[in-house]
Amino acid sequence: MEDHDDLAPIRDQARRFLKDALSHDHLKALLEVPGTFDHVTWREVVALGWPSASVPDAAGGLGLGWGATCMFAEELGRTTGSLPLIASGALARVLLECHDAPSLLAAGQRLLEGETHACLAFTAPGEGGLAVNPSVSLTPEGLFGETAFIPFGASADVALVHASCDAGTCLVLVELAGGGVTRETVPMLDNSRASARLRFTGAPAEIVGDEALALFWRIAGEIALATAFEQLGGAQACLDLARDYAMERTAFGQPIGRFQAIKTKLAEMYVRIEIARGCSLDALAALDAGEPSWLGLAAGARLAATEAYEFAARESIQTHGAIGITWEAQPHHYYRRSRTLALEWGNALFWRDQLIAGAGFNAGKAQETTK
């Protein structure tokens, strides 16, 4: 997103802030305990207005578009910061359109102002994709069922859940501090994501919107695109770390960056990152222009960014050699995050299926079943 000149000053401010806020020791502390949430940094970004950046100005936001959230996500990816900005931003945009439901509008306003934050329960246990056929059911007695482990499930105040109901499927908003909700946390590869499994046993829930499946794919597409930018930021940081180390580390009397094997690694990382960047920028441009093809392009961006980040994280460790696998070094932070983001919000096989689905997916109409 380096070519979005209107966001350049905000990007510079965000980059300086995150560099100061997310020290190496601070990031390591977040890896120690399952379900950890970075409350300190979240309060600071709320004060900076990040949660309201993508919300239209008519709804009380800054009106910078989804590109602003993607930009913040990219900067978080550079530092392996972990904040619920993407989920909260996507949900706030939806709830603030619910003008005929005062309670949903109020919930959206709280998200906009950063008083609360959200998680999106779009995945089912044992599945690698989003729950087009949900494992949670809405009944007259409330919400029943359980989700997979979802990012920020351990810390969120509200959840948007894709559930089966009499109409087929629906999206429902659940207050997680209310009755009928339990959360399960376990040690994860990246504990800083505050991941938890949500179990519902008669939890009160309110239906959001009328066209559940179209809304589901709109949110899923926005999440996929912003996550692609987060992966881009991480991949670029891996390349920068590997390049800098290769220029400093010497072997046989010269920097290892002069060896062809290292040059090849760095060049391949660069190529994959730039391909993913182009895919992501194309998808964002199509979203801004209101083109139906943006959903398919977002799926392509997600696939390219996943591949670029996983490759860059692995090769950065290889470039660093033995020190690259130590707790004290930085590369393992990026490897943890690359593996985690590759599985959150649907894995590569899932998004490949959506890309192959073609026109139906591009129109926001998903197939009722996903292999």
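Which residue lies over the face of tryptophan 327? The legends below take that close-up and several others in turn, and every view comes from a predicted model.

**View A. Lysine 28 sits over the ring of tryptophan 327.** Here is the reply to the opening question: lysine 28 lies over the face of tryptophan 327, and its distance from the ring centre is 5.0 Å.

**View B. Arginine 272 lies over the face of phenylalanine 311.** In this second view of a charge over a ring, arginine 272 is found at 3.9 Å from the ring centre of phenylalanine 311.

View C. A search of the whole structure turns up 8 aromatic pairs. Phenylalanine 17 has a relative accessibility of 17%, so it counts as buried, the cut-off being under 20%. Tryptophan 50 is buried too, with a relative accessible area of 2%.

**View D. Tryptophan 50 also forms a stacked pair with phenylalanine 72.** The two ring centres are 4.2 Å apart, and the angle between the planes is 15 degrees. Because tryptophan 50 lies in the loop between H3 and H4 and phenylalanine 72 in helix H4, this pair ties together parts that are 22 residues apart in sequence. Phenylalanine 72 is buried, at a relative accessible area of 2%.

**View E. Five aromatic residues gather in one cluster.** Its members are Phe122, Phe216, Trp217, Phe350 and Trp351.

**View F. Helix H7 packs against helix H8.** H7 covers residues 212–248 and H8 covers residues 260–288; their axes are 10 Å apart and the packing angle is about 155 degrees. That angle is over 145 degrees, so H7 and H8 count as roughly antiparallel to each other. H7 passes H8 in a left-handed crossing. What kinds of residue make up the contact of H7 with H8, by class? There are 19 nonpolar, 2 polar and 3 charged residues.

**View G. Helix H9 packs against helix H11.** H9 (residues 294–320) and H11 (residues 348–357) have axes 9 Å apart and pack at an angle of about 150 degrees. H9 and H11 are therefore roughly antiparallel to each other. The crossing in which H9 passes H11 is left-handed.

**View H. Threonine 80 has a positive phi.** Most residues other than glycine have a negative phi, which makes a backbone close-up worth a look. Phi of threonine 80 is near 60 degrees. Threonine 80 is placed in the loop between H4 and helix H5 (85–95). Is threonine 80 buried or exposed? With a relative accessible area of 6%, threonine 80 is buried.

**View I. Alanine 194 has a positive phi as well.** Phi of alanine 194 is near 55 degrees, again in a residue other than glycine. Where is alanine 194 found? Alanine 194 is in the loop between strand E6 (181–184) and strand E7 (196–203). Its relative accessibility is 0%, so alanine 194 counts as buried.

Conventions:
Residues are numbered from 1 along each chain as its sequence is written. This is a predicted model: local features need pLDDT of at least 70, side-chain atom pairs count only at pLDDT 80 or more; totals for chains, interfaces and linings use all residues. Side-chain values use heavy atoms; hydrogens and water are left out. Rings of Phe, Tyr and Trp (its six-membered ring) pair if their centres lie within 6.5 Å; planes under 30 degrees apart count as stacked, over 60 as edge-to-face and the rest as tilted. Buried means under 20% relative accessible area, exposed over 50%, partly exposed in between (1.4 Å probe, protein chains only). Helices (H or I, at least four residues) and strands (E, at least two) are DSSP runs, numbered from the N terminus. A charge sits over a ring if NZ of Lys or CZ of Arg is within 6 Å of the ring centre and within 35 degrees of the ring normal. Axes are lines fitted to C-alpha atoms, for helices over the stretch in contact, and angles run from 0 to 180 degrees between N-to-C directions. Angles under 35 degrees count as roughly parallel, over 145 as roughly antiparallel, 65 to 115 as roughly perpendicular and the rest as oblique. A crossing is left-handed if the near helix is turned anticlockwise from the far one by less than a right angle, and right-handed if clockwise. Ala, Val, Leu, Ile, Met, Phe, Trp, Tyr, Cys and Pro count as nonpolar, Asp, Glu, Lys and Arg as charged, and the others, Gly among them, as polar.
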